[in-house]
Amino acid sequence: MNVRLLLILYWIGWIAVVVVIDPRAFVHGSMVLHAASAAQSPEYHSSQPAPSQSLLEQTTTPRSYSQPALPKPTHEQTTTQQASGQSHTFQQLTEAGKSGPVVGGPVELHEVAQQIVKSGWQLLNLSAQAVQLVLNAVPIDLERQPEPRARVYSLGSSEGRLHLPPVEYSLIVNMHNRYKRLVTVLASYLITARGSYELLAFCDGCNAKTLQRAEETFDTYLPIVWNGSATACSPEFLKKVAGHVKRGKSDQRFWKPVREMCFATCGDSFFRRCGSLRRVVLVDQPSAIFETASNNRGAVLAEGQFLIIMQDDWVMTQIGWNVHMSLPARLYDDVFGISGNCAHGWHDLPSTSVGRCADLERARPLDPRLVNKSGTFFVRPTGNRGPLLYNASKFRQMGYLNELHFLMDKDEHTLHALAVRSQGWVSGYVPLQMIVLGEAGRLDSDSVDFHQDNGFKTREAEKEYKQWRKDRGKTAKFRQPAKGSRGMPTDLGGERNLSIGWFSFDSCAT
């Protein structure tokens, strides 16, 4: 009798301990699973934010440049899944085989979603900040350039993230009416990026369908990226999400884990565990200000040590591509712009082209000769967008992109050439594996939406705006950054070794 009583008391005691540790574990019968999920995610235990706290005040380290004074919204402390769409979204993921053994069941994703805070839409004072920071900025005219609004996605409160290291990579993507495959593009960024990063998604003159699709992407994939799973961002999951893309389905070289590309020393977790995403900022610019000014606005908001200008028609398939791209800037103090697309000469700075510089090359996986030289930085006068990495301090020292004289195109080349002449800095190319969505304007949206709908009330209003920008560029004097002490570079057209610096920082950190 005494033995039986002791056994009963023993089991009652264990049940009491379980309830004290985690009542939810007792209710669901899954204390071990819950504890394992929490242990995988250092941010899981972040305290819930108070309703009056601003999500837009995210900076954790002092910065030497003037940062935009972002508004203090009275944000909604909600999950990213609204009641009307949450179960449908997770049901779709489950049916598609994108949860379950890869990222955990829907219950786990819902628990993570409960930790995600999505702010309400708030107007930004970006025009004034741009005029203050950009050397050749478009003057303020709110009638022609209405202020954008933004919302911020984050995991837990800003106080709960103060112990985290600062953001290393700011991914800046300019989006415009590519709603059909925008989910695939944005999801590929979230699944493949590594290290500490943020995503600044600038919807420039987007229609309602594109903006809605961007929000659906974040509502669906942020719980996956933030759930702390050891396999949530694996190559297998990436292929499930983006493997249907044209040209990627038939050629397995797009999806091969690129361990030979400077990542031979990284363990398996680097290729399977998600990077440390700090926040997502979704910006809605009602009428287009076009690519150059949009990229500058993203850079004004950015907090990272490195700025990476992206485009909305590239699907990233190389795990850790952003870390790989940062190697030249980490190793060599005279490196300015690093392209993962193409690099070449410019006017009176001639050089050979390297990378995906021809349309035919963009349709194929990376040339095997370039795959074998992935530990090489090809030094050139300039390189193309998509993706294009800058050391943030150098980019600001150069005065940002010249939005006063450019709407889009060739603005990066002018900036790079200026960096060569005024600072003695070089740009160039690092080989990356990715998929280019060919003819994206026709395949990813209605042709009318893509070519004609730029957010203006009428076509005449758009013509007037473009003419106004053109007139400002004609009358305003071009301003240049202060000249540096370094002479002209001597190895334009050459190559530099990257493998020697792979151990100079924690390159395998996720």
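The second largest cavity is lined by Leu-126, Ser-127, Gln-145, Pro-146, Pro-148, Gln-285, Ile-289 and Arg-297, a cavity being a set of points on a 1 Å grid over the protein atoms alone where a 1.4 Å probe fits but cannot get out, with lining residues having an atom within 4 Å of a point. The model is predicted, so that local features need pLDDT of at least 70 and side-chain atom pairs count only at pLDDT 80 or more, whereas totals for chains, interfaces and linings use all residues. Residues are numbered from 1 along each chain as its sequence is written, and side-chain values use heavy atoms, with hydrogens and water left out.

The second largest cavity holds about 40 Å³ of space, the volume being the space filled by probe spheres set on grid points that are joined across faces, edges and corners. Its lining comprises 4 nonpolar, 3 polar and 1 charged residues; here Ala, Val, Leu, Ile, Met, Phe, Trp, Tyr, Cys and Pro count as nonpolar, Asp, Glu, Lys and Arg as charged, and the others, Gly among them, as polar. In the whole structure, 3 cavities of 30 Å³ or more are found. The largest cavity contains about 80 Å³ of space. Of the 14 residues that line the largest cavity, Asn-136, Tyr-400, Asn-402, Leu-415 and Leu-418 lie nearest its centre. The lining of the largest cavity divides into 8 nonpolar, 4 polar and 2 charged residues.

Two of the residues that line the second largest cavity, Leu-126 and Arg-297, also take part in the contact between helices H6 and H11. Helices (H or I, at least four residues) and strands (E, at least two) are DSSP runs, numbered from the N terminus. The axes of H6 (residues 126-133) and H11 cross at roughly 90° and come within 10 Å; axes are lines fitted to C-alpha atoms, for helices over the stretch in contact, and angles run from 0 to 180 degrees between N-to-C directions. H6 and H11 are therefore roughly perpendicular to each other, given that angles under 35 degrees count as roughly parallel, over 145 as roughly antiparallel, 65 to 115 as roughly perpendicular and the rest as oblique. On the H6 side the contact involves Leu-126, Gln-129, Ala-130 and Leu-133, and on the H11 side Arg-297, Val-300 and Leu-301, contact meaning heavy atoms within 4.5 Å. By class, 5 nonpolar, 1 polar and 1 charged residues make up this contact.

Val-300 is located in H11, which spans residues 290-301. With a relative accessibility of 0%, Val-300 counts as buried (buried means under 20% relative accessible area, exposed over 50%, and partly exposed in between, with a 1.4 Å probe and protein chains only). Although Val-300 and Leu-133 are 167 residues apart along the chain, their C-alpha atoms are separated by 7.9 Å.

Val-138 lies in the loop between H6 and strand S3 (149-155). This residue counts as buried at 3% relative accessibility. Apart from its neighbours within four places in sequence, Val-138 is in contact with Val-131, Gln-145, Glu-403, Leu-404, Trp-468 and Arg-469.

Thr-184, Ala-187, Ser-188, Ile-191 and Thr-192 of H7 meet Phe-237, Leu-238, Val-241 and Ala-242 of H9. The residues of this contact comprise 6 nonpolar, 3 polar and no charged. In H7, 10 of the 11 residues are buried, so the helix is largely enclosed by the rest of the structure. Among the buried residues of H7 are Leu-182, Val-185, Leu-186, Tyr-189 and Leu-190.

Backbone geometry was also examined in the loops. The peptide bond from Gly-386 to Pro-387 is cis, with omega near -15°. Pro-387 is placed in the loop between strand S13 (382-383) and strand S14 (388-391). The loop between helix H15 (392-397) and helix H16 (411-423) contains Asp-409, and Lys-410 is likewise found between H15 and H16. Phi is near 65° for Asp-409, a positive value in a residue other than glycine, and near 70° for Lys-410, again positive in a residue other than glycine. Asp-409 is partly exposed at a relative accessible area of 47%, whereas Lys-410 is exposed at 52%.

Notes. On a 1 Å grid over the protein atoms alone, a cavity is a set of points where a 1.4 Å probe fits but cannot get out, and a pocket is an open set with protein on both sides within 12 Å along at least five of seven lines; lining residues have an atom within 4 Å of a point.
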